[in-house]
Amino acid sequence: MVRHECRSVMNIKDFGERVRPLPEGWGPPCAALFDFDGTLSLIREGWTEILVKYSLEILDTTGTSETAEQLEAIVREFLMRQTGKPTRFQLIELAAAVRERGMEPLSPEVYEAEYQRRLAERVGRRREALRLGKTSPDCLLVPGTRNLLEQLRGYGVTLYLASGTEETAVVEEARLLGLTDFFEARIYGAEGTIPDFSKAKVIHEIILRRDTLDGRGLLGFGDGFVEIRDVVTAGGVAIAVASDEQRMIDAPESPSSINGWKRLRLIEAGAHHVIPDYCGIGNYIDSLFE
Ligand SMILES: [Mg+2]
């Protein structure tokens with residue numbers, strides 16, 4: 001598999017979609033916070049579809065009169081709102097949706113175990129391929145990731161990784177993708193070193209305390225509602241990666257395209273910029289330091 005070549009030269013004005021101006025007095029960035037799945041890593045590509053399908057199966061058992069299309073729209077909406085929080089929160093929403101339809105749900109833990117079982121097969125296959133060297137890390141990274149991380153590091157920006165996925169899995173998958181050198185010990189996930197993990201906690205208790213003291217030095221990258229909102233709320237600049245992960249996996253030789261559904265939610269969450277991947281972001285990053 002050969003990834004399409006990132007175009008090396010691109011005008012700043014051609015870079016992504018500028019949604020809103022940068023906040024007054026913001027910059028230059030000294031800390032950058034990255035989400036993991038769908039923002040850097042493609043190892044868990046397909047998790048949304050697995051969770052949507054499973055949720056629809058569960059809701060179907062309630063005997064609701066809603067159509068499949070109506071249910072799918074409801075499920076996608078509540079999953080998206082919780083994306084970025086530990087996975088448990090999405091299954092709490094599912095249990096609530098079952099209860100709203102007049103049926104006593106199973107516990108969110110039971111739902112989560114079944115979802116993780118379904119996801120594990122796919123994730124396990126990709127992790128194994130990386131471990132054995134059958135897949136190159138670049139095939140399971142959002143295009144342009146490594147150049148971007150190198151560029152930010154070159155400017156002295158401290159890089160942080162925070163994910164709603166379990167911390168031990170994020171650490172292992174970052175290692176398999178060759179990202180450990182960039183983030184070192186600054187990798188945070190659910191049920192890890194931070195009790196009651198949330199991205200807001202990482203921003204306020206780790207990053208802002210250590211580095212910038214306020215959001216004027218904070219740059220965030222994510223493909224989920226929660227991380228975009230939390231970065232913006234903290235006074236930072238949020239770059240939304242409305243990544244079409246399935247296309248990146250299925251058609252790696254083609255240029256990335258914007259996932260329109262993600263785009264709308266991420267703009268609503270407060271994103272300053274929307275991009276499909278990191279190809280061509282170099283000049284824009286340079287401009288943040290001028
Ligand atoms: Mg994500």
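Which helix does Glu245 lie in? Select helix H10, residues 245–250, and you have Glu245; helices here are DSSP runs (H or I, at least four residues; strands are E, at least two), numbered from the N terminus. Before going on, keep in mind that this is a predicted model, where local features need pLDDT of at least 70, side-chain atom pairs count only at pLDDT 80 or more, and totals for chains, interfaces and linings use all residues. Residues are numbered from 1 along each chain as its sequence is written, and side-chain values use heavy atoms, with hydrogens and water left out.

**Stop one: around Glu245**

Glu245 is buried, because its relative accessible area is 9% (buried is under 20%, exposed over 50%, partly exposed in between, with a 1.4 Å probe and protein chains only). Now show its neighbours: leaving aside residues up to four places away in sequence, Glu245 touches Gly38, Leu42, Glu45, Asp223 and Lys262 (contact means heavy atoms within 4.5 Å).

Asp35 and Asp37 are both buried.

**Stop three: H1 and H2**

Next, select H1 (residues 47–60) and H2 (residues 68–82): their axes come within 10 Å and cross at roughly 125°. Axes are lines fitted to C-alpha atoms, for helices over the stretch in contact, and angles run from 0 to 180 degrees between N-to-C directions. H1 and H2 are therefore oblique to each other (under 35 degrees is roughly parallel, over 145 roughly antiparallel, 65 to 115 roughly perpendicular, the rest oblique).

**Stop four: H4 and H6**

Finally, pick H4 (residues 108–131) and H6 (residues 167–176), which pack at about 40° with axes 10 Å apart. That angle makes H4 oblique to H6. On the H4 side, the contact uses Val123, Arg127, Leu130 and Arg131; H6 brings Ala169, Glu172, Glu173 and Leu176.
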